[in-house]
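Let's take a friendly walk through a protein model together. Please have the sequence and the 3D view open as you read.

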Amino acid sequence: MSRFTAHISAILLLCLLLVPPALAGGAPSPHKILFVPLDDRPVNTGFVRQLGKIAGVQLMMPPREMLSAAGNGNGVEQLWTWAEKNAGGADAVVLSLDTLLYGGLVPSRTHNYGEETLKTRVQKIKELKKRVRGPVYAFISIMRTPQYNTDAEEPPYYGRYGADIFHIARLMDRLQAGVAGDGERGELAALKGKVPEEFWNDYVGRRTLNHRLTVEVLELVEEGVIDTLVIGRDDSAPFGFTRMEQRHLEQEIAARHIAGRVYSFAGLDECGVVLLIRAVNRLNDYTPRVYVEYGTPGGERIVPLYEDIPLGENVAQHVLSAGGILVNVREAADLLLVVNTPEGAVGEAARQDPRNYNRRLAGWLENLVRKGRDVALADVAYANGADSGLMTDLAGRGVLSRLAGYSGWNTAGNTIGLSLAQGMLYSYAAGHDSPPGWREEHKKALLTRLLEDWGYQAVIRPQLTGRFLGERGASTRLVTWLEAEVKQDILSRLNRFAGENLRDFGGRVRVSGVDLPWHRLFDLSLTIELPPPGDVEPGLRH
């Protein structure tokens with residue numbers, strides 16, 4: 001080899017060594033996000049994984065068995081060990097603090113941990129922060145106060161005194177706000193006499209302890225340990241414990257000057273998804289512009305069931321929490337969020353009349369998607385399920401497969417968060433160099449929501465509840481033999497529903513498996529088989 005040839009070879013070798021690994025190996029490595037969910041329900045795990053696949057990120061989540069056991073024994077410590085082991089090199093982390101402090105959503109209401117143990121866990125977030133190379137996003141709940149007697153997910157005495165406890169708190173808040181009527185003071189005194197002092201003290205003590213822990217978490221935001229915090233208000237109401245605690249937290253946030261880093265909205269189960277999309281948007285250097293349209297005049301002023309603020313305020317907080325901005329001009333938007341609001345009050349999906357729906361909205365949605373706009377539909381006309389009349393109309397118009405996102409799940413806040421998250425992912429993926437297969441993953445996620453929120457929650461579950469459980473309700477735990485029969489029934493009904501209503505997805509959609517992971521009718525897990533490859537499905541752009 002000549003001296004000249006050797007010199008050139010050395011230069012080429014040096015150039016190869018200087019090439020970034022992503023370029024040398026072809027495609028860049030996917031972003032790594034560590035995600036600790038609220039619990040192991042499908043909406044908090046399976047749907048999150050679907051969205052992660054659309055985004056093309058490497059999503060690390062604790063195994064389901066670990067999440068299931070988090071509320072027992074040393075389950076919380078095992079989760080911390082897992083998080084510390086896997087956080088190294090993460091580009092972002094999304095943490096449910098209800099999980100890492102108490103063991104999950106239900107344990108956050110029923111735990112018996114001492115304050116020192118919980119404060120020690122809060123401080124562990126500082127050590128976790130040191131292990132990651134990106135931001136820490138976290139969410140925590142304000143403990144709910146159900147309006148009815150139930151001990152399914154509350155302390156045992158709530159099964160007898162729950163409704164009384166809720167109404168006592170509601171009246172206390174109304175008196176404090178100066179809006180109580182003449183007879184409400186006497187009503188409050190009578191109700192207080194019905195709840196045994198030991199139970200009242202226990203319930204208030206639980207709330208007070210959790211509230212103090214949330215204030216400790218605000219200190220971590222102030223210190224820069226937590227980059228963005230979302231405070232979710234689960235099953236809230238315009239007056240009561242939740243509003244009283246929220247006002248105090250707002251004062252703490254203002255005093256610490258962290259308002260731009262803390263968000264709070266009505267809803268909780270969607271918080272993980274919302275912060276995941278915030279993380280993805282930040283990693284993509286993308287700030288989606290969202291234009292919001294309500295299905296009925298004044299729809300933004302409606303306060304839905306189980307919530308404490310008008311829809312317009314709740315939508316705005318969700319958009320900002322997810323890393324987007326609101327715009328006032330439709331043409332300037334990356335994503336159109338259409339909110340299906342009712343003419344009057346929000347009702348329960350199980351008691352709807354499918355003949356009554358917004359036909360004007362159906363036609364308007366068809367016009368938007370045929371113009372190629374990215375549209376996410378937040379179906380909040382009913383709680384706990386879709387607007388079946390509207391969905392049937394949209395299916396007939398061939399609109400469903402063209403949506404950028406859809407949800408009609410549980411409360412309005414839950415619905416807003418799920419539909420917005422998928423819509424934001426779609427709006428980015430459709431206009432950028434996105435990972436192969438993202439369109440198929442988008443289709444699966446869209447079908448998951450359509451089959452569960454419309455097919456199951458709005459149509460099938462009410463039928464099954466009446467048939468198998470009578471007056472006991474969808475949160476009743478099923479015995480083993482009955483659960484097996486119910487799952488087979490659900491599978492058959494869902495496949496029949498898909499064949500009748502989801503024909504515009506390029507062929508026959510098949511549900512190959514269902515599960516009831518919490519052994520009750522309320523939560524459903526689906527395995528979906530897409531139609532075989534053929535023509536490009538309607539609405540998915542080249």
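First, a word on the ground rules. This is a predicted model, in which local features need pLDDT of at least 70 and side-chain atom pairs count only at pLDDT 80 or more, while totals for chains, interfaces and linings use all residues. Residues are numbered from 1 along each chain as its sequence is written, and side-chain values use heavy atoms, with hydrogens and water left out.

Let's begin with two helices. Helices (H or I, at least four residues) and strands (E, at least two) are DSSP runs, numbered from the N terminus. Two packed helices are described by the angle between their axes and the distance between the axes. Please find helix α8, residues 115-131, and helix α11, residues 197-223: their axes come within 10 Å and cross at roughly 20°. That makes α8 roughly parallel to α11. Here, axes are lines fitted to C-alpha atoms, for helices over the stretch in contact, and angles run from 0 to 180 degrees between N-to-C directions. Angles under 35 degrees count as roughly parallel, over 145 as roughly antiparallel, 65 to 115 as roughly perpendicular and the rest as oblique.

Which residues of α8 and α11 make the contact? Contact means heavy atoms within 4.5 Å. On the α8 side they include L118, V122 and I125, and on the α11 side they include L209, L213 and L220. By class, the contact of α8 with α11 has seven nonpolar, one polar and six charged residues. Ala, Val, Leu, Ile, Met, Phe, Trp, Tyr, Cys and Pro count as nonpolar, Asp, Glu, Lys and Arg as charged, and the others, Gly among them, as polar.

Now for the aromatic rings. A search of the whole structure finds eight aromatic pairs. Rings of Phe, Tyr and Trp (its six-membered ring) pair if their centres lie within 6.5 Å; planes under 30 degrees apart count as stacked, over 60 as edge-to-face and the rest as tilted. One of the pairs is Y157 with F199, which is stacked, at 4.9 Å centre to centre and 15° between the planes. This pair links distant parts of the chain, 42 residues apart: Y157 is in the loop between β4 (136-142) and α9 (158-177), and F199 is in helix α11.

Is Y157 buried or exposed? Buried means under 20% relative accessible area, exposed over 50%, and partly exposed in between (1.4 Å probe, protein chains only). Y157 has 10% relative accessibility, so it counts as buried, while F199, at 23%, counts as partly exposed.

Next, look for W438, which has its place in helix α18 (residues 438-469). W438 is buried, with a relative accessible area of 6%. Leaving out residues up to four places away in sequence, W438 touches I54, Y426, A429 and A430. D393, in helix α16 (residues 388-396), is also buried, with a relative accessible area of 15%.

Finally, consider the backbone. Most residues other than glycine have a negative phi. H257 is not a glycine, yet has a positive phi of about 60°; H257 lies in the loop between α12 and β6 (262-266). D285, likewise not a glycine, has a positive phi of about 55° and lies in the loop between α13 (271-283) and β7 (289-294). H257 counts as exposed at 69% relative accessibility, and D285 counts as exposed at 74%.
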